[in-house]
Amino acid sequence: MRVIVGRIGKAHGIRGAVTVEVRTDEPEVRFAPGSVLITDPEAAGPLVVEGAKWHSGRLLLEFEDVLDRTAAESLRGTLLVVDVDDDARPDDPEEFYDHQLVGLDVVTVEGTAVGTITEVAH
């Protein structure tokens with residue numbers, strides 16, 4: 001199963017860094033140097049993380065072969081995706097991946113059936 005872990009924002013600086021809208025609770029794992037990220041659109045990648053750091057509350061990533069601002073800006077809006085085993089669960093027992101919620105019944109706190117989850121929209 002593919003899971004979106006981020007979306008590339010604007011370029012930062014002149015050396016090819018980009019800001020990232022983080023969509024994972026494990027950015028230190030997902031964006032560790034050497035991590036290979038699938039992209040959507042696929043033609044933009046795959047991208048290999050070369051460096052990651054936090055700056056003013058935003059994650060900045062540098063990728064191998066993205067060497068200047070022009071190349072970084074061309075990635076703007078690209079979704080960053082990873083493959084996750086269908087049975088894998090986050091470390092916190094109270095967390096789930098979106099795809100694990102689809103198909104579950106929805107009930108009120110009183111136990112009244114409301115429906116079934118068909119999709120998770122962010």
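Good morning. A residue counts as buried under 20% relative accessible area, as exposed over 50%, and as partly exposed in between. Please keep these cut-offs in mind as we look at this structure, which is a predicted model.

By that scale, Glu 21 is partly exposed, because its relative accessibility is 34%. Arg 23 is partly exposed as well, at 36%. The side chains of Glu 21 and Arg 23 form a salt bridge, with 3D positions that put N and O 2.9 Å apart. In general, side chains of opposite charge can pair when their charged atoms come close.

How many salt bridges does a search of the whole structure find? The search finds six. One of them joins the side chains of Arg 76 and Glu 73, at 3.1 Å from N to O. Arg 76 is partly exposed at 49%, and Glu 73 is partly exposed at 30%.

Let us turn to Arg 2 and Asp 83, whose side chains meet in a salt bridge of 3.3 Å, N to O. Arg 2 lies in strand 1 and Asp 83 in strand 6, so this pair ties together parts that are 81 residues apart in sequence. Arg 2 is partly exposed, at 46%, whereas Asp 83 counts as exposed, at 51%. Arg 2 and Asp 83 also belong to a network of salt bridges with Glu 42.

Finally, I draw your attention to a negative surface patch, formed by Asp 25, Asp 91, Asp 92 and Glu 94. Asp 91 sits in the loop between strand 6 and helix 3. With a relative accessible area of 72%, Asp 91 is exposed. Thank you for your attention.

Terms used
Residues are numbered from 1 along each chain as its sequence is written. This is a predicted model: local features need pLDDT of at least 70, side-chain atom pairs count only at pLDDT 80 or more; totals for chains, interfaces and linings use all residues. Side-chain values use heavy atoms; hydrogens and water are left out. Patches are made of residues with over 30% relative accessible area and no salt bridge: like charges are joined within 9 Å, nonpolar side chains (Val, Leu, Ile, Met, Phe, Trp, Tyr) within 5 Å. Accessible areas come from the Shrake-Rupley method with a 1.4 Å probe; for residues, only the protein chains shown count as cover. A salt bridge is a side-chain nitrogen of Lys or Arg within 4 Å of a carboxyl oxygen of Asp or Glu. Lys and Arg count as positive and Asp and Glu as negative; His and the chain ends are not counted. The place of a charge is taken as NZ of Lys, CZ of Arg, CG of Asp or CD of Glu. Helices (H or I, at least four residues) and strands (E, at least two) are DSSP runs, numbered from the N terminus. Buried means under 20% relative accessible area, exposed over 50%, partly exposed in between (1.4 Å probe, protein chains only).
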